[in-house]
Amino acid sequence: MGNIVRSLVAFIPTDRCQNYVVGDLREMPLDKMVDLSGNQLRRFPGHVCSFRELVKLYLSDNHLNSLPPELGQLQNLQILALDFNNFKTLPQVVCTLKQLCILYLGNNKLCDLPSELSLLQNLQTLWIEANCLTQLPDVVCELSLLKTLHAGSNALRLLPGRLQRLQELRTIWLSGNQLTDFPPVLLHMPYLEVIDVDRNSIHYFPSLAHLSSLKLVIYDHNPCRNAPKVAKGVRRVGRWAEDTPEPDPRKARRYALTNEELPEQQPPASPPPIALINS
C-alpha cells in the first residue's frame with residue numbers, strides 16, 4: 001500500500017505533494033524524530049525547522065539538492081540522514097549543526113566536502129560512500145572524535161597521511177575504490193579494529209600483525225598474491241584466509257579464522273533507511 005501511495009504522490013505537483021507528505025507534522029514529535037525518507041521531496045519542508053528540540057532527522061531517498069539556512073535552528077540534532085539525494089555540494093548549514101554525532105551523505109554526487117565540516121567536532125560516524133570522491137577530503141582528518149568512516153564505492157587511489165591524527169577511529173570501510181596499494185597510513189593506526197579494502201586493485205598486502213587492536217580485515221576481490229599477516233585471533237575475509245595454501249607458504253604465515261564475536265558497530269555496515277528508524 002505504501003508503494004502505491006508513493007507512486008500516486010509522484011504525480012502530484014511539488015507544493016501539493018509536500019503538503020500531503022508533511023501535513024501531519026505540525027507539532028514537535030514526542031520521540032524528537034522526523035522521518036521523511038522516500039517521499040519524493042524536491043525541497044525541504046521549512047516548518048520542520050521550528051522543531052527546535054529535534055534530535056533525529058531522516059531525509060534519505062528524496063530529490064533534494066539544497067537545504068534552507070533555517071535548518072541551522074535545529075541545534076539539538078544528533079543524527080542527520082541526507083543519503084540517496086542529489087547533493088553536488090554539502091550545504092553549509094549542515095556544518096553549523098555542532099551536536100551532530102552521525103551524518104549520512106552516501107549515494108549523492110559529492111566531489112569534495114567543505115572545510116567548515118571541521119566544526120562538527122562531535123561527529124563520530126560519517127558515511128560518504130557512493131559519491132564522486134577521487135581523494136579523501138582533508139577535512140575528514142580534522143574530525144577528532146570520528147570512530148567510523150564509510151568511504152566505499154568512490155574513486156579513491158590513496159589515503160592522506162594526516163588520517164593518522166584520528167586516534168579515535170576504529171572502523172574504516174574502503175570497499176569498491178581504486179586502491180592499488182594497501183594504504184600505508186593504516187599501518188600506523190594500531191587502534192583500528194576493522195579494515196575493509198574489499199574490491200580494490202591491491203596486488204600485495206604488508207603484514208598487519210602489529211596492529212594490536214585489529215579484529216577483522218576484509219580484503220577479498222583484490223588481485224593480491226598473498227594474504228595479509230595478522231595476529232592470532234584476527235578474522236580475515238579473502239583468498240587464503242582459511243585452508244587454501246598461499247602461493248609461497250614459506251614467506252607468509254597463515255592464521256585460521258576464529259569464531260570470536262565482534263563488538264556491535266553503530267550504525268550497522270549497510271542499514272537500509274527503515275533500519276535507521278528502528279535503531
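Student: Is Cys49 buried or exposed?

Tutor: Buried means under 20% relative accessible area, exposed over 50%, and partly exposed in between, with a 1.4 Å probe and protein chains only. Cys49 has 2% relative accessibility and therefore counts as buried. Cys111, at 51%, counts as exposed. The model is a predicted one, in which local features need pLDDT of at least 70 and side-chain atom pairs count only at pLDDT 80 or more, while totals for chains, interfaces and linings use all residues. Residues are numbered from 1 along each chain as its sequence is written, and side-chain values use heavy atoms, leaving out hydrogens and water.

Student: How many disulfides does the structure hold?

Tutor: A disulfide is a pair of cysteine sulfur atoms within 2.5 Å. The structure holds 0 disulfides. For Cys111, the closest cysteine sulfur is that of Cys132, and because the two sulfurs are 4.7 Å apart, they are too far for a bond.

Student: How should I read the strands, and in what order do they form the sheet?

Tutor: Strands are DSSP runs of E with at least two residues, numbered from the N terminus. Two strands pair if DSSP finds at least two bridges between them. Here 10 strands form an open sheet in the order S1-S2-S3-S4-S5-S6-S7-S8-S9-S10, with parallel pairing. The edge strands, S1 and S10 (235-237), each pair on one side only. As one example, S7 (residues 171-173) and S8 (residues 194-196) pair in the parallel sense over 3 bridges; Thr171 stands opposite Val194 in S8.

Student: Where is Leu36 placed?

Tutor: Leu36 lies in the loop between S1 (33-35) and S2 (56-58). At 2% relative accessibility, Leu36 counts as buried. Leu36 and Leu59 are 23 residues apart in sequence, and their C-alpha atoms are 5.2 Å apart in space.

Student: How many aromatic pairs are found in the whole structure?

Tutor: Rings of Phe, Tyr and Trp (its six-membered ring) pair if their centres lie within 6.5 Å; planes under 30 degrees apart count as stacked, over 60 as edge-to-face and the rest as tilted. A search of the whole structure finds 3 aromatic pairs. Phe205 and Tyr219 form an edge-to-face pair, 5.4 Å centre to centre with 65° between the planes. This pair links distant parts of the chain, 14 residues apart: Phe205 is in the loop between S8 and S9 (216-218), and Tyr219 is in the loop between S9 and S10. Phe205 counts as buried at 1% relative accessibility, as does Tyr219 at 0%. Ring pairs link Phe182, Phe205 and Tyr219 into a cluster.

Definitions and conventions:
Helix = DSSP H or I, 4+ residues; strand = E, 2+ residues; numbered from the N terminus.
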